[in-house]
Amino acid sequence: AEEFSIPESTTITTTPGVYEFTFETVVEVTVPEENQTYTMSYLLNPNANYIAIKADMSEYSDEEMSGESIIVMDNGNSHIFAETSGMKLQMSSQMMGNQQMSNPSDQMENYDYSKLTKTGNTKTILGATCYEYTMSDADTKMNLWVAPSVNLPNWFVQNEEVLEGHIMEYTITSKDGTMKSETIAINDNISRVINPKEYKKMF
């Protein structure tokens, strides 16, 4: 495939039926109650409305599976593409066992983000100035650190009126415990293409 450059003004730059990613953000997720830390990454395309989570399957699969899985979230649907033992498999989310990876995303899509409050606190993450936002309801308290200078999509708050910039870190405290996610790297030179036709469906 030859390289092609995309003018900034176009919004639809994607090949139909193929997922293309140009950025990767690496996050470290900590769950203190479970004394657990794992690393995963989001694959992003600033010109597309899908987003993906890339993870090592051994980190969260019940089965002893090794290899890489990419969960593409497209319009509320999850498609799981796994490469394991030299095979390319497309799986349904039910096959992924206990699925601790996707739980936060399901939970976080349902919040009313218009209630976010900007606190005025700032801190620097990966060289970008981040502003703190908080939100709480009866069950959950959330802190978000948002970098306006990082022009990348967020996987759960897509409302630009509510949040301007990329969420670099967040902490959620609920009755289930605490979960913290910190961005530890942003790679802007990746070129990752997933063509679902290359993956054998396992449903």
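Is Phe81 buried or exposed? At 3% relative accessibility, Phe81 counts as buried, and the close-up views below, all taken from a predicted model, lead from the whole chain to the surroundings of this ring.

**View 1. The whole chain in the predicted model, with its secondary structure and surface.** The secondary structure of the chain comes to 1 helix and 14 strands. Of the 203 residues, 43% are buried, while the chain exposes about 11,300 Å², of which carbon and sulfur atoms supply 45%. Among the contacts with a separation of 6 or more, 49% are made by residues 24 or more positions apart.

View 2. Confidence is highest in strand S8, at 96, and lowest in helix H1, residues 103–108, where the mean is 54. Over residues 4–12 the pLDDT is below 50, and beyond near neighbours in sequence this stretch has 5 contacts in the model. The pLDDT also stays under 50 over residues 97–103, although the model has 12 contacts for that stretch beyond four places in sequence.

**View 3. The open sheet of 12 strands.** The strands follow the order S8-S9-S10-S11-S12-S2-S3-S4-S5-S6-S7-S14, and their pairing is mixed. Strand S8 (117–125) and strand S14 (200–202) stand at the edges, and because each has a single partner strand, one side of each is left without a neighbour in the sheet. Neighbouring strands of this sheet are turned by 25° against each other on average, with direction ignored.

**View 4. The hairpin of strands S2 and S3.** Strand S2 (residues 23–31) runs antiparallel to strand S3 (residues 36–44), and 9 bridges join the two. There are 4 residues between these strands, and in the turn Asn35 has a positive phi of about 55°. Val31 stands opposite Gln36 in S3.

**View 5. The hairpin of strands S3 and S4.** Here 5 residues lie between the two strands, and S3 pairs with strand S4 (residues 50–56) in the antiparallel sense over 4 bridges. Two facing positions may be picked out in this view: Tyr42 stands opposite Ile53 in S4, and Ser41 has Lys54 in S4 as its bridge partner.

**View 6. Aromatic pairs around Phe81.** A search of the whole structure finds 4 aromatic pairs. In one of them, the rings of Tyr19 and Phe81 have their centres 6.1 Å apart and their planes at 55°, so the pair is tilted. Because Tyr19 lies in strand S1 (residues 19–21) and Phe81 in strand S6 (residues 77–84), this pair ties together parts that are 62 residues apart in sequence. Tyr19, at 10% relative accessibility, counts as buried. For Phe81 and Tyr199 the ring centres are 5.0 Å apart and the planes stand at 65°, so the pair is edge-to-face. This second pair links distant parts of the chain, with Phe81 in strand S6 and Tyr199 in the loop between strand S13 (192–194) and S14, 118 residues apart. Tyr199 counts as buried at 7% relative accessibility.

**View 7. The aromatic cluster that includes Phe81.** Ring pairs link Tyr19, Phe21, Tyr50, Phe81 and Tyr199 into a cluster.

Terms used. Residues numbered from 1 in each chain as written. Predicted model: local features only at pLDDT ≥ 70, side-chain atom pairs only at ≥ 80, totals over all residues. Heavy atoms only, no water. Pairing = 2+ DSSP bridges. Axes fitted to C-alpha atoms, helices over the stretch in contact; angles between N-to-C directions. pLDDT = per-residue confidence, 0-100. Contact = heavy atoms within 4.5 Å. Buried < 20%, exposed > 50% of the residue type's maximum accessible area, 1.4 Å probe, protein only. Areas by Shrake-Rupley, 256 points an atom, 1.4 Å probe, with all protein chains shown as cover. Phe/Tyr/Trp six-rings, centres within 6.5 Å; stacked < 30°, edge-to-face > 60°.
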